[in-house]
Amino acid sequence: MHFGADLAVFVTTTRFSRPSEKFAVQHGILAVHRDHLGLWNNGAPLLSLTEVNGQGQGDSRHRARWKQAYGR
């Protein structure tokens, strides 16, 4: 809103913390994490990702491996 943008996008090559993802969704910010970044990179239109905003940061096995690798 401050810069007059039509769309705010928060992009990461990892995953969002729950509070940051919740904040983004509540304020209409498109949160593109590593899974969605892959979709976007493979040709999905950016605006199509608004349908899955705030969802899909990997299954429980993936999250367990991520926590083991990065200790968070």
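What percentage of the 72 residues of the protein count as buried? The answer is 21%, where buried means under 20% relative accessible area, exposed means over 50%, and partly exposed lies in between (1.4 Å probe, protein chains only). The model is predicted, so local features need pLDDT of at least 70 and side-chain atom pairs count only at pLDDT 80 or more, while totals for chains, interfaces and linings use all residues. Residues are numbered from 1 along each chain as its sequence is written, and side-chain values use heavy atoms, with hydrogens and water left out.

The protein has three helices and two strands. Helices (H or I, at least four residues) and strands (E, at least two) are DSSP runs, numbered from the N terminus. Along the sequence they follow the pattern β-α-β-α-α. Strand β1 covers residues 8–11 and strand β2 covers residues 29–32. The two strands run parallel and are joined by four bridges; two strands pair if DSSP finds at least two bridges between them. Ala 8 has Ile 29 as its bridge partner in β2, and Phe 10 stands opposite Ala 31 in β2.

Helix α1 (residues 18–26), together with β1 and β2, makes a right-handed β-α-β unit. A crossover is right-handed if, with the strands pointing away from the viewer, the path from the first strand over the helix to the second runs clockwise. Ser 20 is found in helix α1 and is partly exposed, with a relative accessible area of 22%. Its C-alpha atom is separated by 9.9 Å from that of Gly 54, which is 34 residues apart from Ser 20 along the chain.

Strand β2 is covered on both faces: Ile 29 and Ala 31 are buried on one side, and Leu 30 and Val 32 are buried on the other. Leu 30 has a relative accessible area of 2%. Contact means heavy atoms within 4.5 Å. Not counting residues up to four places away in sequence, Leu 30 touches Leu 7, Ala 8, Val 9, Phe 10, Leu 46, Leu 49, Thr 50 and Asn 53. Among contacts in the protein between residues at least 6 apart in sequence, 30% join residues at least 24 apart.

Which residues does Val 11 touch, not counting those up to four places away in sequence? They are Val 32, Leu 37 and Trp 40. Val 11 is found in strand β1 and is partly exposed, with a relative accessible area of 39%. For Val 11 and Leu 30, 19 residues apart along the chain, the C-alpha separation is 8.2 Å.

Trp 40 is placed in helix α2 (residues 34–41) and is partly exposed, with a relative accessible area of 33%. Leu 7, Val 9, Val 11, Trp 40 and Leu 47 make a nonpolar surface patch of about 400 Å². Patches are made of residues with over 30% relative accessible area and no salt bridge; like charges are joined within 9 Å, and nonpolar side chains (Val, Leu, Ile, Met, Phe, Trp, Tyr) within 5 Å. A salt bridge is a side-chain nitrogen of Lys or Arg within 4 Å of a carboxyl oxygen of Asp or Glu.

The protein exposes about 5,400 Å², and carbon and sulfur atoms supply 54% of it. Accessible areas come from the Shrake-Rupley method with a 1.4 Å probe; for residues, only the protein chains shown count as cover.
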